[in-house]
Amino acid sequence: MIFKVFPKKKLSLLYELLAVNTMVGPTLKGKDRNGKSLYDFDVLYTFDDLALDYTATIHSAKRFVLPYHEKLSSFDINKTDWKKHVDINVYKPLVFFGMHPCDINALNKLDMVLAGNVYPNPYYIGKRKNIFIVGLDCSPEPQCFCHSMGTDSALHGFDMFLTDLGDKYFVEVLSATAFDFLSQIKSKEPSKKDHQHYKQVNALKNKNFATNVETNDLTKILDLEFDAKAWDQWGDKCLSCGTCSNVCPTCYCYGVEENIDLDLKNANKIRSLHSCNLLDFAKVSGGHNFRPEKSTRLKYRYYHKHRGFVEAFEESLCVGCGRCGQACLADITPPEVIASVRGKE
Amino acid sequence: MDQQLSYLGVPLTRPKVAFFDFTSCEGCQLQILNNEATLLDFLNLVEIVNFREGMSEKSDNYDIAFIEGSISRPDEIKRLEAIRHNAKIVVALGSCACFGGVNQLKNRFNDLNWVKKEVYGDFPIETIEVHPLEKYVQVDLKIYGCPIKKEEVEKIVTNLVVGKSITSPEYPVCMECKANENICLFELGEPCLGPVTRAGCDAWCTNNRRGCWGCRGPADVANVRQLEEIMHKYGFSNETMLDRLECFGGFASLTKEIKKTKKPAAKRKK
Ligand code: SF4
Ligand code: SF4
Ligand code: SF4
Ligand code: SF4
Ligand code: SF4
């Protein structure tokens, strides 16, 4: 890997160079009822919109590669047949400025399913390949448990990754494009001292995690505890609202709906992200529902994240960002759910 | 207009449609007319034979009756039964028809005679407890909302004409609210019924930073018990919650439960 350093004051210059493209990044959205700042990822219009000291964004970066609603195709309906139009909805490259390791790893996991699998998804790949990602280091918040999931540092899936060393940034360079941009701002080779400093910063991050999830043998334990009482207790609280999936950077389940225009001259096919916690999720034609109970639906969300995906890809689908637990109005959080299923509250 | 309607070569019948209103503000019907861009296409799909708000001719020969409003007078029951008798499909249009709507708030008062006196003074008319259509006749389809969303009605009518199945989301408003990337109103210090209310409005109110009042009635899973906990956690009283839950009548059976078990809990606190 190639490493570089540049003084902090050059960050805006780097931003401006990249800003010939559409810029996306963390930005301040408002204050909550206690005066705490609320952040989300959004399109940025100036360097000042960028809030690099952000705490967990409400939503993940998912929507930029996997929109909540996406038109997959449209149809011109003639008298007896139709003409289909497909648009993968990629019009311009995006620069994503300031993505934490959990969110980069989330994209890498989505890649496994949507880009590398038996049925690659062109709508996803088109968008994913057209994003230039500037990663950014972070300090753990109370809800973060990425270190338990092995996603606290990102090894690939970005173009460059910035670590804050006080007065300068230490940069990991992964793409030729990133290298070019860094040459334009005259970044330097890091010194031995910079290496030292970088290692210290990362060691400090590792000390600061407040939340831990025991993942040893979790796939087996989930099988053993399939009928655990804990599922019913969490199920009682669950609102079946789908918020957890909507804010999760790796939930990708969807439903497809076909609509005919009122004039009967056009039709379209829309994919909308769904959630396994919704009542309609496992309903099939004829009206049968395979998972009518809240507890079963909730359980299967955990099974997909922490068991099914592990068996298919040898890693969990959860990156430990903690967003689902933060957003859940019923206070259902993965660390608590997993601990209770393991039998230690 | 007289030419044969068809979709992909399959001939379709234009259903004869009638609109009726009972106790309501007629806002739902207005939503349908309030639609210049697509009104002609709408009129091409169906044959409207009765629509007091939009035309003067009338006929009792119709396939689908769209009925707005709740039942609040004895004479309305007879008229409703006659419509049911004539129509193949009865569609309840909007919260009043589906749940009683805002009108049913009057049922909250113990003394309906006092209500009558307050409202009509010395010119009383005969009124009864407010109820949804379902109390008196079979309803085949419900279109939720106060008011209804015209896009939803158009979709339902298109699907009816081409013979596609018609579904309403079973999940709550939060799903749509989050997909629209709103900040949760509870975090901003406002109560919201989104977690228990049926979606389909695309989170109309919360998109505009107003908490949901539950006009579309309960989602198929409406965990009102948990909502109560959420309200308390964010500092809202049961009264605040019940005001909202009772506003449109959709949650009637669920609020009864809460009121029943709430009293002993309050006593315990003392
Ligand atoms: S989950 Fe990990 S990577 Fe994500 S913000 Fe928290 S500490 Fe950073
Ligand atoms: S776990 Fe929480 S966020 Fe997810 S569906 Fe249940 S109540 Fe909603
Ligand atoms: S399941 Fe929860 S903690 Fe895990 S990646 Fe999704 S939102 Fe983050
Ligand atoms: S604002 Fe209301 S609808 Fe939106 S997420 Fe919060 S509770 Fe749900
Ligand atoms: S957000 Fe709630 S009150 Fe507003 S339109 Fe939707 S269901 Fe009705």
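At 36% relative accessibility, B:Ile125 counts as partly exposed, a class that lies between buried, under 20% relative accessible area, and exposed, over 50%, with a 1.4 Å probe and protein chains only. The model is predicted, so that local features need pLDDT of at least 70 and side-chain atom pairs count only at pLDDT 80 or more, whereas totals for chains, interfaces and linings use all residues. Residues are numbered from 1 along each chain as its sequence is written, chains are lettered from A and ligands numbered from 1 in the order in which they are written, and side-chain values use heavy atoms, with hydrogens and water left out.

B:Ile125 sits in the loop between helix H5 (112–120) and strand S7 (141–143) of chain B, where helices (H or I, at least four residues) and strands (E, at least two) are DSSP runs numbered from the N terminus. Together with B:Val119 and B:Tyr120, B:Ile125 makes a nonpolar surface patch of about 260 Å²; such patches are made of residues with over 30% relative accessible area and no salt bridge, nonpolar side chains (Val, Leu, Ile, Met, Phe, Trp, Tyr) being joined within 5 Å and like charges within 9 Å. The areas come from the Shrake-Rupley method with a 1.4 Å probe, and for residues only the protein chains shown count as cover.

Turning to the ligands, ligand 4 lies between chains A and B, and the residues around it, counted when a heavy atom lies within 4 Å, include A:Leu329, B:Cys174, B:Cys177 and B:Lys178. Helix H7 (residues 173–179) of chain B gives the largest share of this shell, 3 residues. By class, the shell around ligand 4 has 8 nonpolar, 2 polar and 1 charged residues, where Ala, Val, Leu, Ile, Met, Phe, Trp, Tyr, Cys and Pro count as nonpolar, Asp, Glu, Lys and Arg as charged, and the others, Gly among them, as polar. Around ligand 5, the shell divides into 6 nonpolar, 2 polar and 1 charged, with B:Cys201, B:Trp204 and B:Arg216 among its residues.

Over all chains, the whole structure holds 30 salt bridges, each a side-chain nitrogen of Lys or Arg within 4 Å of a carboxyl oxygen of Asp or Glu. In one of them, B:Asp220 meets B:Arg198 at 2.9 Å, N to O, and this pair links distant parts of the chain, 22 residues apart. B:Arg198 counts as buried because its relative accessibility is 10%, whereas B:Asp220, at 41%, counts as partly exposed. Elsewhere, salt bridges that share partners join A:Lys29, A:Asp42, A:Arg63 and B:Glu181 into one network.
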